[in-house]
Amino acid sequence: MIQRILSRCFLLFLVLSLELTAGAAWGFNVAVLKYNSYFVNDQGVEGMLEGLRENGFVDGDNLVIKFYNAEGNRANADAYAAEIVTQDFDLILTCSTACMQAVYNVNQATKIPHVFSVVSWAYTADVGIGDGGPLDKPEFLTGVSSPNPVGAAIQYAKAFFPSLNKLGLIWNPDESNSVFTTSLAREACPTLEIELLEENVNESSQVLEKTNMLVAQGVQAFIMGGDNTVNFGMADLVAVAQAAGIPVFTVNPDSVNSGALFDLGPDFFEVGVKAGNMAAQILNGATPKDIPLEDYVPHTLYLNPNALEGLEPAWTFTDEALNQADMIIGSSQTDCWELFR
């Protein structure tokens, strides 16, 4: 009798062990870290998930995904990154330069495969990427850089207002993506006979003051260059600019829905899809070491005719821009989008 009971207990233990083993192999554990809930990062995350789905990897099916949101706070990003590398994750996906850097800084010993997206220029972000080509990088890291089309955006502004000669830019020098974007603006402005007036911020609460300072200096427009700190203060920037009859334009898609005159920037959903395809390669057995870095900027042009109202002096969209626009914001009170073509 005792032997029979022991045999049954052993069989039960064996069945439970097999079930636990099968559960562990049921799917991959993936961490997704984004810097905030701003449209750009949300689109990047959705794109990465779509890229994974296109390759047969679905959350709740053969993936277990845990989402982290730093809520625009670098300390939160660092804390989440430190937590992530202590967990049993097979893959880490990040959206934003800050999150890429946060994970890189704590992942050099654990070397969990890491794919980044929604990054302006990873090559100058101090994440171990060299200048020897797209494979000159840490063995655990790969992803997509999407340099914002700053020069092209300023050219559009000049076409919409040929008298433009003073442009305002507020940026955070602690964000490497902003350092890169500012360098592009500094290169573009002299060729268009535009003076670039700059103010620095370390917190979003400073945007209001700095905007007023630049208005007092006579800027005729503001450019937003993809700075996370300034993005959080965009409402203040737009409100001050509108009151002064000055437009705001950006290289961040969807900013027109917050009052910008136009956006010329990457389609970060498509950028995310490309990063998701890289992630799928890793889950299928490839190593990040062998997956080259990519530079990918699928441009989108969004126009907001409503923001033309009240500008002094007047700005005008060119026929070329209207023909090239991917979307024009709706004129209804609900601010719905309308396909232009």
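**View 1. The loop around G310 in the predicted model**. G310 lies in the loop that joins strand 12 (299-303) to helix 11 (319-324). The residue has a relative accessible area of 52%, so G310 is classed as exposed. The cut-off for that class is over 50%.

**View 2. Helix 2 against helix 10**. Helix 2 covers residues 39-54, and helix 10 covers residues 268-283. Their axes come within 6 Å and cross at roughly 40°. That angle makes helix 2 oblique to helix 10. The crossing of helix 2 over helix 10 is right-handed. From helix 2, the contact uses V40, Q43, G44, E46, G47, M48, E50, G51, L52 and E54. Helix 10 meets them with F268, F269, G272, V273, A275, G276, N277, A279, A280 and L283. By class, the residues of this contact divide into 10 nonpolar, seven polar and three charged. The glycines in the contact include G44, G47 and G51 of helix 2, and G272 and G276 of helix 10.

**View 3. Helix 7 against helix 9**. Helix 7 spans residues 207-216, and helix 9 spans residues 234-243. The two pack at an angle of about 25°, with their axes 8 Å apart. Helix 7 and helix 9 are therefore roughly parallel to each other. Angles under 35 degrees fall in that class. Helix 7 passes helix 9 in a right-handed crossing. On the helix 7 side, V207, L208, T211, N212 and V215 make the contact. On the helix 9 side, the partners are D236, L237 and V240. Sorted by class, the contact of helix 7 with helix 9 holds five nonpolar, two polar and one charged residues.

**View 4. Cysteines without a disulfide**. The model has zero disulfides. C95 is in no disulfide, and its nearest cysteine sulfur belongs to C99, 8.0 Å away. A disulfide would need the two sulfur atoms within 2.5 Å. C95 has 0% relative accessibility and therefore counts as buried. C189 is also buried, because its relative accessibility is 1%. The cut-off for buried is under 20%.

Terms used. Residues are numbered from 1 along each chain as its sequence is written. This is a predicted model: local features need pLDDT of at least 70, side-chain atom pairs count only at pLDDT 80 or more; totals for chains, interfaces and linings use all residues. Side-chain values use heavy atoms; hydrogens and water are left out. Buried means under 20% relative accessible area, exposed over 50%, partly exposed in between (1.4 Å probe, protein chains only). Axes are lines fitted to C-alpha atoms, for helices over the stretch in contact, and angles run from 0 to 180 degrees between N-to-C directions. Helices (H or I, at least four residues) and strands (E, at least two) are DSSP runs, numbered from the N terminus. Angles under 35 degrees count as roughly parallel, over 145 as roughly antiparallel, 65 to 115 as roughly perpendicular and the rest as oblique. A crossing is left-handed if the near helix is turned anticlockwise from the far one by less than a right angle, and right-handed if clockwise. Contact means heavy atoms within 4.5 Å. Ala, Val, Leu, Ile, Met, Phe, Trp, Tyr, Cys and Pro count as nonpolar, Asp, Glu, Lys and Arg as charged, and the others, Gly among them, as polar.
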